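Biologist: Please bring up the model, and let us go through it piece by piece.

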Amino acid sequence: MKKVIILLSMFSLLACNRGFKVPSNNSMSMFAFLVADNDLDDHADYIEKDLVRGLKGCPVGTELFLYEDRRDEPPTLRQFVLAESGQVAFRHIARFDEQCSASADLFMQVLSTMQSGASGSSYGLLYWSHGNGWLPGANIDSCSHLGTKSIGLDSQCSMYVEDMAAAIGKTGKIPAFLLLDACFMGGVEVAYALRNSADYLISSPSETLGICFPYHLILPLLVNGDMESMKESLDVFYSYCLSDYYGDGTLSGMASLTDCGQMDALASSFRDLNESFAGFVQTDSIQAFDCLPRHLYYDLYDYCSHMSSDSLLLSRFQDQLCRTVLHSVTTPSVFTQTAGRDSMLVIGQCCGLSTYIPGTGSGYDWTYYQTEWYRYCYGKE
């Protein structure tokens, strides 16, 4: 892996750049990773500008640390700060050799640098790129080696969610929220893997559009760092999805807010439910979030309601699910390309988390669905 070729401390950064002052910052700092060294590059300019627009609605002194890797440019790390004048100033913190940004080691290095330079009392973490939920993805250490739950895409390699969790843990400080702006990252398998990596998780069980979350509208809410503001940010997202912001009639969006601290209890409740089940589920009647011939992403509660006839266990699970998924929004239908073409998938059920159903014959069973959630909930530990 190529290392950073220019890495300035925050002290030297400020000392060497006259006029760049960081006002007092009593709110949280924002950290963002834009991994666009792929076919999402066309959207990266808009996402960057949208983040800066959102910063202007935050308290004076709010910082945005932005790591960005574009298709035809080496990665950079910059700091944006909202000044007392209402303008946003920025400075380069680091320039990198061309390298794979889907590396967990690089992610940890950059996140540590962001933390050491931030003045906010806490931080929120945004990650924008490709994602595939629990599905196998190519690891940076060996592109021929398949692992599960991956996010980011650079040089046909991606980062395991378990490695993302480990990287966050090694920095010693978890974010107030982790927003995964990538397809299918709202899976229970992903949330369980990240249960110790953030206070709250914001993600989508379905595919996300290239321009998905309206950062110019939700960043001023997210910076508050409290649960109610995060819920409100999802309502704003939902309204935005209904506004036809692409201008082509595509009204699509799905997102949820998960309390990561409740994931262990949810897993325990699901395990109890699963142990009472000894039958076969007709999956055709369960809400799916893809259009594949053999579905890979099903609505978690809809699956559970078909799985068990034990009303008491199902009620307990539902109660725990409500404590875990704090808010969920979805348009009546969502955009998908899983059918091999642009399609709209009708949504009748959405609890806020998806799941894979083992034994459905997708070709990924047993070999690749070796997630922490599977091992615990299905008694495979």
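Biologist: Tyrosine 245 first: what does its relative accessibility make it count as?
Modeller: Tyrosine 245 counts as partly exposed, because its relative accessibility is 22%, where buried means under 20% relative accessible area, exposed means over 50% and partly exposed is in between, with a 1.4 Å probe and protein chains only. Tyrosine 246 also counts as partly exposed, at 31%.

Biologist: And what are the ground rules here?
Modeller: This is a predicted model, in which local features need pLDDT of at least 70 and side-chain atom pairs count only at pLDDT 80 or more, while totals for chains, interfaces and linings use all residues. Residues are numbered from 1 along each chain as its sequence is written, and side-chain values use heavy atoms, with hydrogens and water left out.

Biologist: How many aromatic pairs does the structure hold?
Modeller: There are 21 aromatic pairs, a pair being two rings of Phe, Tyr or Trp (its six-membered ring) with centres within 6.5 Å, called stacked if the planes are under 30 degrees apart, edge-to-face if over 60 and tilted for the rest. Phenylalanine 31 and tyrosine 123 form a stacked pair, because their ring centres are 4.5 Å apart and their planes are at 20°.

Biologist: Which strands do phenylalanine 31 and tyrosine 123 lie in?
Modeller: Phenylalanine 31 lies in strand S2 (residues 29-36) and tyrosine 123 in strand S6 (residues 123-128), so this pair ties together parts that are 92 residues apart in sequence. Both phenylalanine 31 and tyrosine 123 are buried. The rings of tyrosine 245 and tyrosine 246, in turn, have centres 5.2 Å apart and planes at 35°, so that pair is tilted. Ring pairs also link Tyr192, Phe270, Tyr303, Phe317, Trp373, Tyr374, Tyr376 and Tyr378 into a cluster.

Biologist: How many helices and strands does the secondary structure come to?
Modeller: The protein chain has eleven helices and 18 strands, taken as DSSP runs (H or I over at least four residues for helices, E over at least two for strands) and numbered from the N terminus. Of the 381 residues in the chain, 57% are buried.

Biologist: Why is helix H9 largely enclosed?
Modeller: Helix H9 (residues 300-307) is largely enclosed by the rest of the structure because six of its eight residues are buried, namely Leu300, Tyr301, Asp302, Tyr303, Cys304 and Met307. These buried residues pack against helix H5 (188-193), helix H8 (263-275), strand S14 (298-299), helix H10 (311-324) and strand S18 (354-355), with contact meaning heavy atoms within 4.5 Å.

Biologist: Switching to serine 252, where is its place?
Modeller: Serine 252 sits in the loop between helix H7 (227-241) and strand S13 (254-259), and its relative accessible area of 4% is why it is buried. Leaving aside neighbours within four places in sequence, serine 252 is in contact with several residues, among them Leu209, Tyr245, Thr331 and Met344. The C-alpha atoms of serine 252 and threonine 330 are separated by 7.8 Å, although the two are 78 residues apart along the chain.

Biologist: Which residues line the largest cavity?
Modeller: Serine 252 is one of them, and the lining also includes Ser204, Glu207, Thr208, Leu209, Cys212, Tyr245, Gly253 and Met254. By class, this lining has four nonpolar, four polar and one charged residues, where Ala, Val, Leu, Ile, Met, Phe, Trp, Tyr, Cys and Pro count as nonpolar, Asp, Glu, Lys and Arg as charged, and the others, Gly among them, as polar. The volume of the largest cavity is about 40 Å³, and the count comes to one cavity of 30 Å³ or more.

Biologist: What volume does the largest pocket have?
Modeller: The largest pocket has about 580 Å³, and of the 26 residues that line it, the closest to its centre are His130, Cys183, Glu207, Thr208 and Gln337. Its lining divides into twelve nonpolar, ten polar and four charged residues.

Terms used:
On a 1 Å grid over the protein atoms alone, a cavity is a set of points where a 1.4 Å probe fits but cannot get out, and a pocket is an open set with protein on both sides within 12 Å along at least five of seven lines; lining residues have an atom within 4 Å of a point. Grid points are joined across faces, edges and corners, and a volume is the space filled by probe spheres set on the points.
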